[in-house]
Amino acid sequence: MTHSRTFRILRALGLLAFGAFFFVPLLALLDFSTQVPGDAPGRTWDAWTYMVTDERLRSAIVASLLLAVLTVTGMVVLLVPTMIWVRLRVPRLNRLVEFLCLLPLTIPALVIVVGITNVYSWVYYLLGGSPLTLTFAYVVLVLPYSYRAIDSALAAIDVTTLAEAARSLGAGWFTVITRIVVPNIWGGVLSAAFISVALVLGEYVFSSLLHFDTLPVAMAAIYKSYAQASMAAALASMTLVAVLLLGLTFLGRRRERKGMA
Amino acid sequence: MTAAHEGRQGLEVELDGLTRVYGSLRALDDFSLRVQPGELVALLGPSGCGKTTALRILAGLDQQTSGSVRVGGRDLSGVPANKRDMGMVFQAYSLFPHLTVLDNVAFGLKLRGRSRSARTERAREMLELVGLHEHGDRYAAQLSGGQQQRVALARALAIEPAVLLLDEPLSALDAKVRVQLRDEIRRVQLEVGTTTLFVTHDQEEALAVADRVGVMNAGRMEQLAAPIELYNSPATPFVASFVGLSNRLPAEVADGEASVLGQRVPVLDGSVTGAGLALVRPESISLEPSAEGHGTVVAIGFLGPVSRVQFTVPGQPEGAEPLLAQLASPDATALRPGDRVDVRVDPAPVLVVAG
């Protein structure tokens, strides 16, 4: 393909503008997080080491990472078999499941929290006050995004025919789901997982109002006393999510290449 | 039954009184079929006639409302699809996209707990059978449609199925590949000797590959017979008009003979007596140029070795379709539109239906 000179210049400018839009705030974060507090000259990594040395921040980070893992696990276990089953066996429920999964998107988080507070007093009573109990709420919270990702992956393959072919060859339903359908929607499951991680690492409203100390809550609290540490944590979590998403892109590309000549 | 099936170890298939009701629709209506061991039966009919429903019930992918399914004498009611040992090839491409061709073919054997070496050997054998042994490492996306369906055939046969089920396996393919693959399916089927049910809406396909063809209409079997019998002696008007082309010529039946265009022609069982319409194949009609002939040529369609000539005769209803005669091309091309011709009907038995 040949592109005109103007096109190439415009494209380079566009990329440059996009890069600047994306990276300048991150660089500013890096710059600020390495400043010595109180306008003193010089650079320091104190704010970054603070993430590990400060008890509160460290446990908040651990809690958020564990929450991310638990939420993804819960979402995958709940959503993937349900969606496959509905598609294969009860397609008339498809609309209902879609509606239920998209519902959390249409209700403001604040409203959900107010409603859910009473439930959480029971959760607290039964399971204790660990921030990991937020998993229940987060699985619901990530449903709309995960649903979309998995749904489009399912739409890209002929699930019904593949399942029937596998069954005629002797596969039971469990084998059909684990060995035939899941491997073919793996890209969609992965992107659902990564979107969920990104959401959980950035979620503030639920954890703050239910009084759990997760990373965003701790960051907001520390921001007032030690802004640099808060910025370092923000940059770290954003970098983590960016790395995950980049990984997803490359993983997806490799799978695509494998499937082509 | 032809000699080709003797000594084969295929199983007998008995579908007995199958009815399948979807809401207010009777997809199958007291449908019965008995397939001999090693036989290839094609189910032929227009879309919605119930042929695919019958196949899916046999496969266990659909449930009959009533009736029974027996394979090799064993009642399969209540046996799930994955325990029925049916090799199935679908109309839609159904290779597992994440597995190589070889792994696709070996999939059924893996589920049956065969060792890696045993299933690889069997899978290679099957790929050899369909002429794709060099494509074992490829993925479905790297194959043409025809190749994918061959792999699907190899995959279905790898498990040594009780019955091979082909659900319009050629419908998604180009015309040329379709003919090639249809002959190949027949070759492979004769080689392995598996009892086979082949569902299609393409009459040429059905007539070319099957030992017997079952013509279906509205959930019922209209006629089950060898291709040549089906073609020459249709049992019902539906079969006569669905299989091949038929002219409808006014006829008068008496004493087992019909008078068609002034000629005496024997009639088939099931014909009416008295006045009716004789269903006459285009190739049973010949046209001779003659100045006194009462036929008039309307148009000539060249089809290669043969040509189809449209003509009219006096006494046809106003606005009726012209009649069709199939002639050898050299004879047909000697004719011109407007020519007068003598119309002769071969004395082959015809079905006469109520007019």
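**Interface, salt bridges and a helix**

Mentor: To start with the interface, 21 residues of chain A and 26 residues of chain B take part in the contact, where contact means heavy atoms within 4.5 Å. This is a predicted model, in which local features need pLDDT of at least 70 and side-chain atom pairs count only at pLDDT 80 or more, while totals for chains, interfaces and linings use all residues. Residues are numbered from 1 along each chain as its sequence is written, chains are lettered from A and ligands numbered from 1 in the order in which they are written, and side-chain values use heavy atoms, with hydrogens and water left out.

Trainee: What area do chain A and chain B bury between them?

Mentor: Buried area is the accessible area (1.4 Å probe) that two parts lose on being put together, summed over both. Of the area here, 62% is on carbon and sulfur atoms. The total for chain A and chain B is about 2,000 Å².

Trainee: Which side chains meet in a salt bridge across the interface of chain A and chain B?

Mentor: A salt bridge is a side-chain nitrogen of Lys or Arg within 4 Å of a carboxyl oxygen of Asp or Glu. Across this interface the rule finds one.

Trainee: Which element gives the largest share of the side of chain A that touches chain B?

Mentor: Helices (H or I, at least four residues) and strands (E, at least two) are DSSP runs, numbered from the N terminus. The elements of chain A that give two or more residues to this side are α7 (159–168), α8 (173–184) and α12 (227–259). The largest share, seven residues, comes from α7(A).

Trainee: How many residues on the side of chain A that touches chain B are charged?

Mentor: Asp, Glu, Lys and Arg count as charged, Ala, Val, Leu, Ile, Met, Phe, Trp, Tyr, Cys and Pro as nonpolar, and the others, Gly among them, as polar. Nine residues of this side are nonpolar and seven are polar. The charged ones number five.

Trainee: How far apart in sequence are the parts tied together by Asp213(A) and Arg56(A)?

Mentor: The side chains of Asp213(A) and Arg56(A) meet in a salt bridge of 2.7 Å, N to O. Asp213(A) lies in the loop between α10 (205–209) and α11 (215–225) of chain A, and Arg56(A) in helix α3 (residues 55–89), so the parts tied together are apart by 157 residues.

Trainee: Is Asp151(A) buried or exposed?

Mentor: Asp151(A) forms a salt bridge with Arg87(A), the closest N and O atoms being 3.1 Å apart. That pair links helix α6 (residues 135–155) of chain A to helix α3, 64 residues apart. Buried means under 20% relative accessible area, exposed over 50%, partly exposed in between (1.4 Å probe, protein chains only). Arg87(A), at 24%, is partly exposed, whereas Asp151(A), at 15%, is buried.

Trainee: Which residue forms a salt bridge with Arg148(A)?

Mentor: Arg148(A) is partly exposed at 42% relative accessible area and lies in helix α6 of chain A. The partner lies in helix α4 (residues 94–106) of chain A, 50 residues away in sequence. With the closest N and O atoms 3.2 Å apart, the partner is Glu98(A).

Trainee: Which element of chain B do the buried residues of α8(A) pack against?

Mentor: The buried residues of α8(A) include Thr175(A), Ile177(A), Ile180(A) and Asn184(A). Within chain A they pack against α3, α6, α7 and α9 (186–202). In chain B the element is α2 (101–111).

Trainee: What span does α8(A) reach from its first C-alpha to its last?

Mentor: The expected span of a helix is 1.5 Å times one less than its number of residues. For the twelve residues of α8(A), 16 Å is expected, and the value in the model is close to that. The span reached is 16 Å.

Trainee: How many helices does chain A have?

Mentor: Chain A has 261 residues, and 41% of them are buried. The secondary structure of chain A includes two strands. The helices come to twelve.
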